[in-house]
Amino acid sequence: MEQLIRCVNCDEVFLKTPFDQSPEYEPPPGQPESYRVIQKDDFEDFLKLHRDHRLEPLTILKDSFISEGLYHDPFRTSYFKATNGKEVFLIKRSRQDIHQPMRYQLIYGDYELKLLRLEAQSEAILKQWSFEFKKNPSLLERGETFLGIFQKVLHSLRIDQLERIDEESPSSLDIYYRLDDIGLAFLLRNCRNRFKGKDYSEVEGFIYRHKDDGVLLVKATYQIQIHEKVKTKKEVIPSLLPLEKQKAIQKKKS
Ligand SMILES: [Zn+2]
């Protein structure tokens, strides 16, 4: 079991994993020596560093995990939230060196996902259009027209009303959504104005075939914004300090 531990005095955190006490991994045969996981003394080091400080366990809030960059990037920075039951903290996880363990940093504040852009999957739409209408010369040339209409519809969408789709994406900041009924009606109406007669029926068929699959899904790209709170000053006299030290601190303050 993983356990996140906070030093209340220093506001430093440590993620205790089952590896901390176990001996180093022996590298699997054929693996370079450098892949050894060296973690066994990290927790002891943390305890030594924060001897006589007040430590408390933090509970990680499920579903609060968010990452910058691509999933397979070992240097990507992640954020998640954790609580001691009274306060919620933001924890930043990062790594500078592949041979070093992850670093965890406690932040007073919260994150926000800011929408950067909403876009159509233009390439997929045009490709599918050419494929399906290759025997229909009057429509074949008009893929860009359809794309233009679709992009116009995107501006009318309210992202908080859309249904999120679990589409495989290399980044957790790229999220796919399905067109809602209002967006769909708007798309159909605009197409009816631009495509006539039998062409319109074809376009309508195209929309219904792809409204739920990858082609007509809407892609939203987000950015993580961190809002740091000004930490409220607290008078901490560590209760676990030896008495002489506590007196010395109090003397200094008065
Ligand atoms: Zn400490």
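Keep in mind that the model is predicted.

**Helix 2 against helix 4**

- Two packed helices are described by the angle between their axes and the distance between the axes.
- For helix 2 (residues 122-132) and helix 4 (residues 143-154), the axes come within 10 Å and the crossing angle is roughly 140°.
- That angle makes helix 2 oblique to helix 4, since only angles over 145 count as roughly antiparallel.
- As for handedness, helix 2 and helix 4 cross in a right-handed way.
- On the helix 2 side, the contact uses Ser122, Ile125, Leu126, Trp129 and Ser130, while helix 4 brings in Gly143, Phe146, Leu147 and Phe150.
- Sort the residues of this contact by type and you get six nonpolar, three polar and no charged.

**The four-stranded sheet**

- Strands of a sheet pair through backbone hydrogen bonds, either parallel or antiparallel.
- Here, four strands line up in the order 8-11-10-9 as an open sheet, with antiparallel pairing.
- The edges belong to strand 8 (109-120) and strand 9 (163-165). Each has a single partner strand, so one side of each has no neighbour in the sheet.
- On average, neighbouring strands in this sheet are turned by 40° against each other, ignoring direction.
- Strand 8 is joined to strand 11 (residues 218-228) by 11 bridges, and the two run antiparallel.
- For a specific pair to look at, Asp110 has His227 of strand 11 as its bridge partner.
- Helix 4 turns up again here: it packs on the sheet and touches strand 8 and strand 11. The direction of helix 4 makes about 155° with that of strand 8.

- Strand 1 (residues 3-7) has Leu4 and Arg6 on its covered face, with Gln3, Ile5 and Cys7 on the uncovered one.
- Five bridges tie strand 1 to strand 2 (residues 12-16), running antiparallel, and Gln3 sits opposite Lys16 of strand 2.
- The hairpin of strand 1 and strand 2 has four residues between the strands, and Asp11 adopts a positive phi there, near 55°.
- Strand 1 also pairs with strand 3 (residues 55-60), through four bridges and again antiparallel. In strand 3, Pro57 is the bridge partner of Ile5.

Terms used: Residues numbered from 1 in each chain as written. Predicted model: local features only at pLDDT ≥ 70, side-chain atom pairs only at ≥ 80, totals over all residues. Axes fitted to C-alpha atoms, helices over the stretch in contact; angles between N-to-C directions. Parallel < 35°, antiparallel > 145°, perpendicular 65-115°, else oblique. Left-handed = near helix turned anticlockwise from the far one by under 90°. Contact = placed C-beta atoms within 7 Å. Nonpolar A, V, L, I, M, F, W, Y, C, P; charged D, E, K, R; others polar. Pairing = 2+ DSSP bridges. Buried ≥ 20, exposed ≤ 12 C-beta atoms within 10 Å, placed from the backbone.
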